[in-house]
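Work through these exercises with the structure in view. Try each task before you read its solution.

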Amino acid sequence: MTLAVEVKGLRFTYPGGRQALSGVDLEVETGERLAVLGPNGAGKSTLMLHLNGIHTPAAGTIWVGGMELGPSTVGEIRRRVGLVFQDTNDQLFMPTVAEDVAFGPANLGLRGHELEERVEEALARVSAADTAHRAPHHLSGGEKRRVSIATVLAMYPDVLVLDEPAVGLDPAGRRDLITTLAGLDVTQLIVTHDLPLALELCERAVIMDGGRVVAGGPTRRLVSDAHLLGRHSLEMPFEFRLVEEQQARERLLGLVRASRAFYAGDPSPAELEAALTALWVPLAGRVMEAELSAQTEVERAEVRKWSLLVEALQSAAEKAGAVKPGLLARASDG
Ligand SMILES: Nc1ncnc2c1ncn2[C@@H]1O[C@H](COP(=O)(O)OP(=O)(O)O)[C@@H](O)[C@H]1O
Ligand SMILES: [Mg+2]
């Protein structure tokens, strides 16, 4: 199937010499919602501005629905790619909402009844029909965002590109936005710092940093990887931190219980197995890390105690023979 968007080797330097994109590769499947994550200055907005030809790359190629972006196709590609700017003031500038939504299709040549229908339909798709005759600058943040989306939907785009759509919205506005985006039957590229929003809307995400795509995969996997997020100045969503803390606490409790049973001299096979399942791999890893980083005599003594426990668990498990062989194999892999 043709990709909705394909970007290869995209490079761009702003006048003045700032290199904002240093070789972006990106593929967006038709119909998917893809989250684009990354720290400030990563080049996310610059990339979005390339997708409908606002910026011209120094190198690299962009295809939209298989059509290569170039001087002869930029008009058609601007219709196919609907860009929703980060700042709604860049999108809404007419006296009324209806005029703002009519602006694009009127430029395409629509008039009269057909144009009115297009406007009504676009506003209905974002649940903002009641705002048609109001002044954009009187709307709430959430309404402005949804109307901005309508101005783009009125062009019947194939791809909707949204730059930080949730920024500045209150919880109700954010929720309405999520419901709206989830209900739209169009390919979406969503640039966001709001990782829970990304998780809710997008099965897949990429992380940009330093002008390129540095990671990609299922959103759930990316946002639960504290190391990866930390490397790119992103913060794990609260729900995931809670789960991590909970798991760490349980591991610690398990450790205490297992070592008590062990030092009491007679751990049951079940206790040993539980200890190995819960502790062996993380514990062995942690002991290795601690060995490398222990600096004081007290820290080194602590590490020795832990590595004794690891060894003791291992030999007891081997003797007991009660542990599934697979478990030990897995443990020695780690
Ligand atoms: N109009 C501009 N002129 C010069 N440099 C810019 C301009 N816009 C962005 N930059 C620079 O390009 C880099 C990427 O910026 P941007 O695409 O806005 O990143 P993001 O959207 O990921 O925060 C940054 O270093 C930024 O300072
Ligand atoms: Mg930006």
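With 17 C-beta neighbours inside 10 Å, Asp225 counts as partly exposed. This is a predicted model: local features need pLDDT of at least 70, side-chain atom pairs count only at pLDDT 80 or more, and totals for chains, interfaces and linings use all residues. Residues are numbered from 1 along each chain as its sequence is written, while chains are lettered from A and ligands numbered from 1 in the order in which they are written.

**Exercise 1.** Explain why Asp225 counts as partly exposed, and locate it.

*Solution.* Start with the cut-offs: 20 or more other C-beta atoms within 10 Å of a residue's own make it buried, 12 or fewer make it exposed, and anything in between is partly exposed; C-beta atoms are placed from the backbone. Asp225 is partly exposed because it has 17 such neighbours. Next, find its place: the loop between helix H8 (219-223) and helix H9 (226-231). Helices here are DSSP runs (H or I, at least four residues), as are strands (E, at least two), numbered from the N terminus. Last, look along the chain: Phe240 is 15 residues from Asp225, and their C-alpha atoms are separated by 9.4 Å.

**Exercise 2.** Which loop holds Ser127, and which loop holds Glu164?

*Solution.* Ser127 lies between H4 and H5. Its phi is near 55°, positive in a residue other than glycine. Ser127 is partly exposed, because it has 15 C-beta neighbours inside 10 Å. Glu164 sits between E7 and H6. Its phi is also positive, about 50°, although Glu164 is not a glycine. With 18 other C-beta atoms within 10 Å, Glu164 is partly exposed.

**Exercise 3.** Which helix gives the most to the shell around ligand 1?

*Solution.* List the surroundings, including Tyr14, Arg18, Asn40, Lys44 and Thr46. A residue is near the ligand if its C-beta atom, placed from the backbone, lies within 6 Å of it. Helix H1 (residues 44-51) gives the most, with 3 residues.
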